Amino acid sequence: MLWFIVSVLCLLAGYFIYGTLVERVFSVREKRPTPAWSERDGVDYVPMSRSRVFLVQLLNIAGIGPVFGPIMGALYGPAAMLWIVVGCIFAGGVHDYFSGMLSVRHKGHSVPALAGVYLGTWAKHLVDAFALILLLLVGVVFILAPANLLERLTGYNSTIFVFLIFAYCFFATIVPVDKILGRLYPLFGLLLLIMSLGMILALCFSSNHRILPNVAPSDFFRDFSADTMPLWPALFITIACGAISGFHATQSPLMARCLENEKQGRFVFYGAMIGEGLIALVWCMVALSCFDGMHGLRQVMQGSPANVVYTAARELLGGLGGTIAILGVVVLPITSGDTAFRSARLIVAEFFGWPQVTLSRRLLLALPLFLTGAVLCQVDFGIVWRYFGVANQATAAVMLWTASSCLLQRGGHGHWITTVPAFFMTTVVLSFLLISNTMGLGQAACPATLEAIGISLGLAVFVIIHAKRASRLSVGSQRATHIGVEAEKDRLEVIAADIQSKAQGRRRASAA
């Protein structure tokens, strides 16, 4: 129990201490109009309150990842819990904050457009394709997973549930963001938090289970992987949501378009990541505590984390409570699957420069995306999850390098908060591709060799970004002019926002 409490306290301290540092490095501007006001269209750009945006953001990013990922990661032992805490504070929270706030600064644009601004046109086209593939994989994973759980719960064939979930996601993708996401998802977000709290309280008061029994400090650095891939680097691919996930970079712009003030960014983006870390921690604890060690967990899992969710929920909460908890887990991926397809639609719309105000334009882009997703649903779930994991963390590395480039172009102040996790995730992805038999080269290499190769690649990226910054700084007068124009633009935007606010006040007064 002590380890769980310490982990929770570390996550909360990370929000207040490290999150404040991240906010200071970014340098928010409270009076600058956000895209929710400057680009308001009633469809994707809609101002919403801070609490609603937070709960929607939490539900958007907390798909099946912070449940299935930590359960599979628990096969590596208590190190999974350590990665959730450290990764969430120093990598995931930073990644989500910058992906959201850079989008706020650039009219709510998606991650490919941000990569194009700070890394170059080649990066934009690469990330366009990469993010689109990732979102389609996410959409499929987050449709198949709840369908399989519902099949286990009801006994009906999962194909029926796949069709029904697809129909819902299609409808949610094309309607304005405040009609479903803004109204229902805050309630689902509360359900998610209550469900996680119920699971951990049931585990605390269970007479048959104890949280992390017989775990010594040295166990956090042992490799319990046995017949699975080695802890380095597979653990950091397996547990993505709950530690750091590139999928979040595709979701943060959705809420960047609804944020009323830049000052709300830390609570909405960094805070939602901490919330997801808490959820991941709960399910990691359940997996480590309920099945008499990793061998028992492997037997219950039988290749599908859904079996662990079903068994643990029924054991800890009984028939009715377990069913409610399982339905809560079912809601998670569905509400992230529809936003995955929504993000894909917006990325394609940005690429072609098509406004999404009219329903016909939204249908034109949504239909081919869902047809492609339907084809991918025929692929084995395990294969789709594997490719999703690598694409997910590669996208996270690109987003972190984008943020580092932004900070370096500003003068380099505090760039290490994004550069260090960018180095780490680059090393993880490359190492995984080198040793994976199914996705990479299948090369046997010691961790030190893999780390050296990954760090070398990270250094190469860092040198390229520095060279790009140096070339921009060489045109000093142009840069000074640009900065002056941007400052004047910010000043005029603030004045326009004040005028608009006063005009609205006068209209309300005259109406009264």
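**Close-up 1. Salt bridge between D44 and R342**. In this predicted model, local features need pLDDT of at least 70 and side-chain atom pairs count only at pLDDT 80 or more, whereas totals for chains, interfaces and linings use all residues. Residues are numbered from 1 along each chain as its sequence is written, and side-chain values use heavy atoms, with hydrogens and water left out. The closest N and O atoms of D44 and R342 are 3.1 Å apart; a salt bridge is a side-chain nitrogen of Lys or Arg within 4 Å of a carboxyl oxygen of Asp or Glu. D44 lies in the loop between helix 3 (35–38) and helix 4 (50–61) and R342 in helix 15, so the bridge ties together parts that are 298 residues apart in sequence. Helices (H or I, at least four residues) and strands (E, at least two) are DSSP runs, numbered from the N terminus. D44 is buried at a relative accessible area of 4%, and R342 is buried at 1%. Buried means under 20% relative accessible area, exposed over 50%, and partly exposed in between (1.4 Å probe, protein chains only).

Close-up 2. R345 is buried, with a relative accessibility of 0%. Leaving aside residues up to four places away in sequence, R345 touches D44, T173, Q356, R362, L365 and L369, where contact means heavy atoms within 4.5 Å.

**Close-up 3. Salt bridge between E23 and R266**. The closest N and O atoms of this pair are 3.5 Å apart. E23 in helix 2 (residues 18–26) and R266 in helix 13 are 243 residues apart, and both are buried. E23, K263 and R266 are linked in a network of salt bridges. The charged end of R266 also sits over the ring of Y15, 4.7 Å from its centre (NZ of Lys or CZ of Arg within 6 Å of the ring centre and within 35 degrees of the ring normal).

**Close-up 4. Aromatic pairs of Y15 with F16 and Y270**. Rings of Phe, Tyr and Trp (its six-membered ring) pair if their centres lie within 6.5 Å; planes under 30 degrees apart count as stacked, over 60 as edge-to-face and the rest as tilted. The count by this rule is 19 aromatic pairs. Y15 and F16 have ring centres 5.0 Å apart and planes at 80°, so they are edge-to-face. For Y15 and Y270 the centres are 6.4 Å apart and the planes at 45°, so this pair is tilted. Y15 is buried at 14% relative accessibility, whereas F16 is exposed at 54%.
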